[in-house]
Amino acid sequence: MALLAFGINHKTAPVDIREKVSFAPEKLEAALRDLQARGAVNECAIVSTCNRTELYCGFDESQSNVENILHWFREYHHLDADEVEPYLYTHLDNLAVQHLLRVASGLDSLVLGEPQILGQIKDAYNTASHAGAIGRQLNRLFQHTFSVAKQVRTDTAIGASPVSVAFAAVNLGKRIFSELGKHTAMLVGAGDTIELVARHLKEQGIKKIIVANRTVERAQSLAEGFGGEAITLSDMPARLIEADIIISSTASQLPILGKGAVERALKKRKHRPMFMVDIAVPRDIEPEVSELADVYLYTVDDLHDVIEEGRQSREEAARQAEDIIDNQVEHFMGWLRSLEAVDTIRAFRSKADTIRDEALQNAERQLAAGKDPQEVTQELARTLTNKLIHNPSVQMNQAAFEGRKDLLDTARHLLGIKDDDA
């Protein structure tokens, strides 16, 4: 059996190429069945996200080769070789295992250590299982992958430190309010950064999200994705009383949240603290707001320091993760190599069972004929011993005759014979 991992990702291909080779979720199962039907693979799974499209395949080396599988990939997407191959990477056997472990652990992601990819790989595995495309080899590989990714998360700090503005903002919020499930966040703006902030807050279990934006339709679109509420910027001052966390990122050239509005909200809140992050440049929140008691105001420059610390921490964690992965690749490949012995072991056991059954039947006939049980038992033991060691003895004699010391050493190892046993 051979393993193949191939595909493209954000490092090797621009988005217009990634779009051409993506698989629509509703078509994944059909694609997997089509690939299997071509006889190119025994097993397969497809991971298709906005940042990567990858195929993981198990096949018999005599049954197929890498080119057959790549040809199916090009044909499925109606692409010529020169359109996609400059962007493709391929990994075989242990390198394929290493690649999947690195991807699942977040070491190959756009944001080092991000956890979402593991969930996407689990979805790919479940889809392939449902399509009947997962066999013994890939099942073991994916289960091993899930275990290793968990070990990386547990044994390193790969996901503990902020590496993006959005993540840093939410992490700082957790320092102020340890249980986000009891608090409300107001997000000002509706761009990509605010959407990412909303995603991180939702993952951390925030109680409620309010999205304030100049265009309420855009705010509504974003808020609906996270079970939140949309309001206009003009509604914001009256709703500040509800907000424990305020994170702002708009394109306004002038501050949209002043000291007076925050001060009035604090009085109505009976001075319960407010955590505020101004990600915008120019700033959305008047700097004077930081002068108010019970307000924790951070700017984008404050976050950059946190991000740099996080980046260094994750890079160190990534080095530790690589060591874990290297060790676990060898562990999996050892299991894979052990499969080569299965047929031999099965045949050896079957032959031993046949010898046992024949000797036992002969002993039973002798007992039925009235022969002394002790003599029958001794004869049974001698017969079994002689028949079990006959072939190995003949082969070892032949090896000695031919000067095959290497084969004799192997025999001693297989039979567990030590020097002091002679």
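Leaving aside its neighbours within four places in sequence, F6 is in contact with T53, E54, L55, C57, I69, L70, F73, L88, Y89 and T90, where contact means heavy atoms within 4.5 Å. The model is a predicted one, in which local features need pLDDT of at least 70 and side-chain atom pairs count only at pLDDT 80 or more, while totals for chains, interfaces and linings use all residues. Residues are numbered from 1 along each chain as its sequence is written, and side-chain values use heavy atoms, with hydrogens and water left out.

A nonpolar core is here a set of buried Ala, Val, Leu, Ile, Met, Phe, Trp, Tyr and Cys residues joined through side-chain atoms within 4.5 Å, and buried means under 20% relative accessible area, exposed over 50% and partly exposed in between, with a 1.4 Å probe and protein chains only. In soluble globular proteins, nonpolar side chains tend to be buried together.

Four strands form an open sheet with the order β2-β3-β1-β4 and antiparallel pairing, two strands being paired if DSSP finds at least two bridges between them. Its edge strands, each of which pairs on one side only, are β2 (43-48) and β4 (89-92), and the twist averages 15° from one strand to the next. Between β2 and strand β3 (residues 52-59), the antiparallel pairing extends over six bridges, and C44 has C57 as its bridge partner in β3. Helix α7 (residues 136-155) packs on the sheet, where it touches β1 (2-9), β2 and β3, and its direction makes about 40° with that of β2; axes are lines fitted to C-alpha atoms, for helices over the stretch in contact, and angles run from 0 to 180 degrees between N-to-C directions.

Elsewhere, D409 is found in helix α16 (residues 405-415) and is partly exposed, with a relative accessible area of 39%. The C-alpha atoms of D409 and M396, which are 13 residues apart along the chain, are separated by 9.9 Å.

Terms used:
Helix = DSSP H or I, 4+ residues; strand = E, 2+ residues; numbered from the N terminus.
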